[in-house]
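Student: I would like a close look at a single part of this model, described step by step with the cut-offs behind each term.

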Amino acid sequence: MISAYTVAGVLRAESVALQRHGPTVLMYRAAFAVAQAALAGLSGHLIPGSRALLLVGGGNNGGDALVAGTILRRRGVAVTAFLANPKQVHEAALAQFLKAGGRVVVGMENTSVATLFGRADVIIDGLVGIGATPPLRPAAAALVELANATSAYKVAVDIPSGVHPDTGAAPGVSFAADVTVTFGGVKTGLLAQPGELVLAAVGMDVSAEAVDACSLTEIPGLLGDPGTRADKYSDGVVCVVAGSTTYPGAAILCVGAAVRLRPGMVRYAGPQAAEVVRHWPEAVATGTVSGAGRSQAWVVGPGMGTDQDALDRLTVVIDKPEPVLVDADGLTLVSRHPHLLVSRQLRGRTTVLTPHEGEFARLFPDLDLSDRLTATRTAALRSHAVVVLKGSATIISDGAHTFVNRTGCGWLASAGTGDVLSGVIGSLLATGAPPLTAAAAGVFLHGLAGERLHAAGLAGASQLWDHLR
Ligand SMILES: NC(=O)C1=CN([C@@H]2O[C@H](COP(=O)(O)OP(=O)(O)OC[C@H]3O[C@@H](n4cnc5c(N)ncnc54)[C@H](OP(=O)(O)O)[C@@H]3O)[C@@H](O)[C@H]2O)[C@@H](O)CC1
Ligand SMILES: [K+]
C-alpha cells in the first residue's frame with residue numbers, strides 16, 4: 001500500500017514548498033524526473049537521434065513538459081512540442097525550450113501531424129495536470145487519441161490527462177500512460193490507474209496531508225509469531241461457512257487459505273465438511289453453523305449457493321456478534337434481503353463485504369462504477385461496513401479511510417481466487433485486527449502471492465496457498 005493525497009492536500013503542501021524554493025526550482029525538479037522517465041523508456045534506442053513529442057497545455061503541466069523537453073534536447077534527443085493552446089503557454093519554459101533547439105508545432109491542420117505522432121519514440125503528456133477537471137476539451141482530447149494510437153512510450157506528467165486527480169474517474173478519453181511521474185505525493189486518483197507510477201518528491205512535505213497509508217510493515221504483526229502463541233485458540237479462530245454440493249471447491253479454497261496463512265485453528269461449517277477435512281485434516285469441520293464452536297471471525301458466502309438452505313446459514317452467521325466477512329453468494333443473498341445487513345448495522349457489528357463489480361452493482365445499483373474510489377467510499381459509509389471492491393486495482397474503504405492495492409497480476413481475475421482472498425481476510429480478522437487493516441493487508445498479501453506464483457510460472461487459485469506466507 002502507498003500513501004495517497006487529494007489535490008487539495010498537495011496544493012497546501014505545494015504552497016509551503018513554493019515559498020521555500022520558488023516555482024522555477026520545483027518545476028525543474030519535476031521536469032528532471034519526467035526526463036529521466038522518458039530516457040528510461042528510450043533505453044534500447046540510441047538516445048541522440050531518437051524522437052520525443054511533447055503535448056503541451058496552457059498551464060504549469062505544459063511548463064513541466066517543456067522543461068523536460070529542454071533537458072532531453074540537451075541530451076541529443078530531437079524534441080517537438082505540440083502546443084495545444086498557443087495563446088496560453090508557459091512563456092519562460094517555452095523560451096528555454098526554443099533556445100535549446102526544440103521545435104514547435106501549432107494546430108491540427110498541419111499536414112505532418114500524423115507523421116509527427118507516428119515517428120515519436122516517446123510522447124510526454126503535459127496537456128493538463130492537477131489544475132484541470134476532466135473530461136478534456138475537444139482539442140486536447142484529439143491529441144490524446146492520436147497519442148494513444150501510437151506505439152510510442154508514453155509518459156504522463158503528474159497525472160494522465162483526462163483522469164480526475166482525486167477520484168481516478170475518466171469520463172472521456174484519457175492518456176494511456178506507460179508511466180506517470182507524479183510530484184510531491186501520489187494523487188488518490190492515480191492509485192487505480194494502470195501503468196507504472198513514479199513519485200518525484202520535488203521538495204514538498206506532504207506528510208501532514210496523507211489520507212491513506214498502509215504498509216508491508218504492518219503485516220508481520222497481524223500474522224503473529226507462533227513462538228509466543230499460548231495455544232491453538234490464542235490468535236483467534238476463523239470459521240468458514242462456504243461451499244455446496246455444486247461448488248465444493250469454494251469451501252476447500254477458502255479454508256485452505258486460512259489454514260496456510262494462520263494455522264492456529266480454522267473451523268468449517270457446511271455441507272462439505274467431509275471433503276474439507278479430507279483436504280485439510282487440521283480444520284475442525286461440522287455440518288451446521290449451530291454446531292460450530294466459538295470463533296473470533298466468520299467468513300460466509302463463497303460457493304454456498306443462493307437457495308433457502310444457504311439463506312438460513314447466512315442468517316445465522318449474520319446474527320453473530322463477531323466480525324463477519326460476506327462474499328460471493330452471500331452478497332447476492334444480501335442484495336435480495338437487505339434487512340440482513342441493516343440488522344448488523346443497527347447493532348454496530350463489524351462487517352466486511354468483498355464484492356467484484358457485478359456483485360457491487362447488485363448491492364449498490366445507484367453508485368457509479370466509473371468512479372470506483374468514490375463508489376467504494378460511499379458504499380462503505382452507507383453500509384457501515386468495510387467494502388473491498390475487487391478488480392485490477394482493488395479498493396478497500398471504511399468510508400473514512402480508503403486504500404487502493406497495487407499488488408497482484410492479471411490472472412488473479414480467475415475462478416477461485418476470490419475464495420482464497422476471503423479465507424485470507426477472514427483469518428486476519430480473527431486476530432482482532434481492525435477490520436480495515438485486516439482487509440487491506442489481506443488484499444495486499446493475496447496480490448503478492450499472485451505475483452510470486454506468476455513469477456514462478458504457475459497459475460491457479462489452489463496454488464496461491466504455497467505463496468501466502
Ligand atoms: N504540485 C507541485 O508541487 C508541482 C506542480 N507542478 C505542475 O503544475 C501542474 C498544475 O498546474 P496548473 O495549476 O497551472 O494547472 P494545469 O494542470 O496545467 O491545468 C491548467 C491548464 O489546463 C487547461 N484546462 C483546464 N481544464 C481543461 C480541460 N477540461 N481540458 C483541456 N484543458 C483544460 C487550462 O486552460 P484554461 O481553463 O485556463 O483556459 C490551463 O491551460 C501540476 O499538475 C504539475 O504538473 C510542477 O510544475 C511543480 C511542482
Ligand atoms: K498530464
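In strand E10, which residue is the bridge partner of Tyr268?

Tutor: The bridge partner of Tyr268 in E10 is Ala285. Before going further, note that this is a predicted model, in which local features need pLDDT of at least 70 and side-chain atom pairs count only at pLDDT 80 or more, while totals for chains, interfaces and linings use all residues. Residues are numbered from 1 along each chain as its sequence is written, with chains lettered from A and ligands numbered from 1 in the order in which they are written.

The Tyr268–Ala285 bridge belongs to the pairing of E9 with E10 (residues 284–286), which is parallel and extends over three bridges; two strands pair if DSSP finds at least two bridges between them. E9 itself covers residues 265–269, and the chain as a whole has 16 helices and 16 strands (DSSP runs, H or I of at least four residues for helices and E of at least two for strands, numbered from the N terminus). Five of the five residues of E9 are buried, so this strand is largely enclosed by the rest of the structure; buried here requires 20 or more other C-beta atoms within 10 Å of the residue's own, exposed 12 or fewer, and partly exposed lies in between, with C-beta atoms placed from the backbone. Met265, Arg267 and Ala269 point to one side of E9, whereas Val266 and Tyr268 point to the other, and all are buried.

Strand E8 is joined to E9 by four bridges, and the two run parallel. Four bridges also join E8, again in parallel, to strand E11 (residues 297–300), where Val299 is the residue opposite Val240. E8 (residues 237–241) has five of its five residues buried, and this is why it too is largely enclosed by the rest of the structure. Along E8, Val238 and Val240 point one way, while Val237, Cys239 and Val241 point the other way, and all of them are buried.

In soluble globular proteins, nonpolar side chains tend to be buried together.

If we leave aside its neighbours within four places in sequence, Val34 is in contact (backbone-placed C-beta atoms within 7 Å) with Asp64, Ala68, Ile124, Val155, Val157 and Val181. Phe32, which lies in helix H2, is by contrast partly exposed, because 17 other C-beta atoms lie within 10 Å of its own. Its C-alpha atom is separated by 6.0 Å from that of Ala68, although Phe32 and Ala68 are 36 residues apart along the chain.

For the chain as a whole, 56% of the 469 residues count as buried, and, among contacts between residues at least 6 apart in sequence, 72% join residues at least 24 apart.

Technical notes: Two residues are in contact if their C-beta atoms, placed from the backbone, lie within 7 Å.
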